[in-house]
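Hello,

Here is the structure I promised to pass on to you. Have a look at it first, and then read on for what turned up in it.

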Amino acid sequence: MRKSIFRKYRACLCIMLALVFVLYPIASAEPGIPLKEKFQFQGGKTIEEFQELDRGQNYSEIEEEYIREGILPTEGIEIQLDNHSLVTSEGKKAKLAVDVGGKKEEAVLWQDEEEWLEWSFHVEKGGLYEIHVEYYALPGSELPIERSLIIDGEVPFKEAHNIQFLRGFVDDGEPRLNSVGDEVRPRQKEVFRWRRTPVYDSQGFYKEPLLFSLSEGSHTLRLEYIDQPMAISGIWLKSPDRIPTYAEVKKEYEAKGYREAGRGTLFEAESTVTEKSDSILRRETDYDPVSSPMSDGNRILNVMGGWRWKKGNQTLSWKFEVPETGLYKIGMRVAQIWGDGMPVHRQIAIDGKVPFQELLEYSFEYDKKWRTEPLKDKNGEPFLFYLTEGTHEISMTVKMGFIKDIVHSLDKDILTLSRVIRQIVMITGDPPDIHYDYELETSIPDLMDNLKELAGSMQEKYELLNDESVKIPAMANNFLLIKDQLDDMIADPFTIPRKLNDLNNALTSLSTWYRGLQDQPLLLDYFLVSPPAEKWGKGQSNIFQRLVSSFKNLFRSFYKDYDRVAGIHDAEEVSEEDVISVWVSRGMEWGEIMKEIADEDFTAKTGKYIKMNILPPSQLEAGAVNALMLAITSGKAPDVAVGVGANSPVEFAIRNAVVDLTQFPDYEEVVQRFIPGGLIPYQYQGGLYALPETMNFRVMFYRTDILDELKISIPDTWEDLYNYTLPQLYQNGLEFYYLPDLSPFLFQQGGSFYNEDGTRTGLDTPEAYTAFKELTDLYTSYGIPVAANFFNRMRTGEMPIGIADFYFYIQLHVAAPELVGRWSIAPIPGTRKEDGSIDRSVGGIASQACMIMADSEKKDIAWEFIDWWTSDEVQTRYGRELEAVIGMEARWNTANIAAFDSLPWRKNDMEVITRQLEWGKDMPVVLGGYFTGRHLTNAWNRIVIGEMPVRDSLEKAVKDINKELKSRQEEHGIYITEQGRR
């Protein structure tokens, strides 16, 4: 008997032990001990150690090493690397082609199928060399060509991670006048030609080409592919050229007996541009009455540059004619109204060369007014330039000047302050008990030293800004404020916990300034090339000129419609039967490009005209009193509304204010352009009430450099995340980012937000409970931060992996150039099904849509228009032109699948996004559904913050949601019985 009992219990014990071993990796199996605490710093590198590794040495630090070690630039040496020694990533000799871009010499064509190319070479004399590359930009997406540079198997400094080879663009014709007399910008056209350039840093921090230290002997140079195809005809190692000072050049003038010229010339900055390195550099409009040519109330494109001419290494070039040989002074009418007192910098070259050192980083001081001034030395004496009779070229390139030192200092401060905050929170928790003495000065050994270092750094930056600016910028005063806060903490460490928010605010401010300081805008009206003795005016308008201009503009405002987008065709002058009214909820530039394409294409093909008006985004949404709601009730609604939020079309459909698009004969063909799951928010009772315009996507972002270094795996499923990725992250002091969203867990479990007819919530099912518990377990059991600035923390390396959307993708590209080539994307984790497949379903796909208003008397023309507008060709053209005019920050996330694929995405990114979009679906819009999100948020807060049981909190949310749904159904006269809808 005892034996049988023992055997029975022994069997149970074995089963229990087996379960322990199986479930051990899952931290939630041990209540009260979050996964983060179980695995925190269990071996591996700490984040502090990795941040030092990740940050590496920037080129400024390497330059200091060159000086300390006595490594000098070589002189008079040029070594050409042999293309026949070139090896590809596949271990084969590179294929060489001839007659690329008209060049007879052999060149290697480098498309994206080759991960890297490597040259072998021999150096006879050790020292510092520049690297020059002759390249041809092959047709691509018009973005800069990007490569990383590796010498002898190592990246020599941080800036070599991202080397850019720029393209060239010109205006495709002259501006045209639209129907109201405003000039319309010409399109941009790429200039394909061979270019030879030394290697610079990609952000314009350094005024001269990068120098590479090479010892005597054999070496390898590898370029790794990041983005865009190119052809390379040759690479040279070259001794740097010495640029003389102006004093030396002036002595040369005197020695050669150069004389001053007798007459000069003036040329417009906007109309004489011969090439620009970025398609977003364009003519702008200035309404100052002295600007040439004068705008006189209409939009005349009379200046060049401005806010878009602000990024490092952006270059503009102009050609001009010199009437006679001699010495000239060169000046310009310029406006530097940005920067809050700080100067901006340009590198100025004449005929392809910087004539003297003072023009390597020439400073344009801040001034609220236009001014005409010559290029001059610090004493105000104009520089003289020897120019021969004939054609010459002047180029201006954005450089950072002294801002470089502040940016590099901010980079270090952000890492230090981020580490300090994390160390404090590890001891105090968040929020801390402000009345408890944590003795942080002894608990964290280097805390006081770090705070003192930060305070000193703030003081240094303040002094530098104060010395270099014409007035003290607000940023400098903020540096002093942060310094004072740090000094108070140093004086009384007991107050540190209660001032934790001050440290977090300081970190946010430093991160914002890190990017903002790198903007260096400058606006030009015209250039003056004249004899040294010639007097110039101030270039400023007087009060009488401004008064006359203001009165003209005031008078014109009574009859000119500033909300209507003018086009090539004037819709006011044609038959009303052939005109439809389109309201667009976007910026004026978005609308102008749309109207231009419509005039050129839609009107030309159909004979129908578009009358377009621009409205703020909130004015086309349901749920509030706005322009569209008032227009509907007054019978003056437009025919088409464009840029409407995803939740609004069905709300309008419920009120019979929009047209069911399924009634049109080619409806089935048109909807094939879109992801099926992206149509769900626009469907109601069997109808479709809008066509998608834009869409979102959600993918997993990760730092390739960090995860590769620490050998952290990319999770394929949620189980992989829980069992492997999170423990690996926590062992190295790193974190994962996830913004609370139920949709992937719910859809992957086979659940839904509502029942089939949308009358009750679908969150009262076992699938919904499982999904909601898994979502909240991420924060309660697995230790994922409840809130975090993913962008800043991914940039610093503390949070190297997380799930985010399209807008984060654009932010990384635009605002984190230092991370180029060091991050990638992957599909979001999925749920493995019984058949072995992985379900990656996720919501949040729909973004904006276009719809036809029910009161329109021209529904067929309106349908013809939105059919045309959402077509493959038009969406592709609109996306490309929008990005060419505004830049990548205006990337058009079109909902048209074919057009989306044709936009300038990186190849690997496009493959991931396309795979993930196949799983995209959205929550339907139902009567009363606008409160569902709020009640789910409340339920999440009760669990994660209030520690309420999951089932209790979810059941309360279900009751609240159903109550709201029923209330709205009764309000609209819909009665539900067990037999169905009445």
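A word on naming before anything else: helices and strands here are DSSP runs numbered from the N terminus, a helix having at least four residues and a strand at least two. Please also keep in mind that this is a predicted model.

Let me start with the sheet around E7. Five strands make up an open, antiparallel sheet, in the order E2-E5-E15-E7-E8. Its edge strands are E2 (87-88) and E8, each of which pairs on one side only. Strand E7 (residues 145-151) is largely enclosed by the rest of the structure, because 7 of its 7 residues are buried. In a regular strand, side chains alternate between the two faces of the sheet. For E7 both faces are covered: Ile145, Arg147, Leu149 and Ile151 are buried on one side, and Glu146, Ser148 and Ile150 are buried on the other.

How is E7 held between its neighbours in terms of bridges? With strand E8 (residues 163-165) it pairs in the antiparallel sense over 3 bridges, and with strand E15 (residues 217-227) it pairs, again antiparallel, over 6 bridges. Glu146 has a partner in each: Gln164 is its bridge partner in E8, while Asp227 stands opposite Glu146 in E15. Ile145, for its part, has Phe165 as bridge partner in E8.

In the loop between E7 and E8 you will find Asp152. Its phi is near 50°, a positive value in a residue other than glycine. Most residues other than glycine have a negative phi, and most peptide bonds are trans. Asp152 is partly exposed, as its relative accessible area is 39%.

With a relative accessibility of 41%, Asp351 counts as partly exposed.

Gln357 is also placed in the loop between strand E23 (344-350) and strand E24 (362-364). What does Gln357 touch, leaving aside its neighbours within four places in sequence? The contacts are Arg242, Ile243, Pro244 and Thr245. Gln357 and Ala247 are 110 residues apart in sequence, yet their C-alpha atoms are 9.9 Å apart in space. Gln357 counts as partly exposed because its relative accessibility is 34%.

One peptide bond deserves a look as well: the one from Ser292 to Pro293 is cis, with omega near -10°. Pro293 sits in the loop between strand E19 (283-285) and strand E20 (301-306).

Now for the helices. Helix H8 (residues 447-468) has 22 residues, which at 1.5 Å a residue should span 32 Å; its end C-alpha atoms are 32 Å apart, so the two agree. The buried residues of H8 are Leu447, Met448, Asn450, Leu451, Leu454, Ala455, Ser457, Met458, Lys461, Tyr462 and Leu465. An α-helix has 3.6 residues a turn, so residues three or four places apart point the same way. What do the buried residues of H8 pack against? Their partners are helix H6 (403-428), helix H7 (440-443), helix H9 (474-491) and helix H10 (500-516).

Not counting residues up to four places away in sequence, Leu503 touches Leu417, Ile421, Ile424, Leu486 and Met489. Leu503 and Val420 are 83 residues apart in sequence and 8.9 Å apart in space, C-alpha to C-alpha.

Helix H11 (residues 543-556) includes Leu547. Leu547 counts as partly exposed because its relative accessibility is 42%. Together with Ile543, Phe544, Phe551, Leu554, Phe555 and Phe558, Leu547 forms a nonpolar patch on the surface, with about 870 Å² of accessible area together.

Strand E36 (residues 698-703) runs antiparallel to E39 and is joined to it by 4 bridges. There, Tyr702 stands opposite Ser824.

Definitions and conventions
Residues numbered from 1 in each chain as written. Predicted model: local features only at pLDDT ≥ 70, side-chain atom pairs only at ≥ 80, totals over all residues. Heavy atoms only, no water. Patch = residues over 30% accessible without salt bridge, like charges linked within 9 Å, V, L, I, M, F, W, Y side chains within 5 Å. Areas by Shrake-Rupley, 256 points an atom, 1.4 Å probe, with all protein chains shown as cover. Salt bridge = Lys/Arg side-chain N within 4 Å of Asp/Glu carboxyl O. Buried < 20%, exposed > 50% of the residue type's maximum accessible area, 1.4 Å probe, protein only. Pairing = 2+ DSSP bridges. Expected span 1.5 Å × (residues − 1). Contact = heavy atoms within 4.5 Å.
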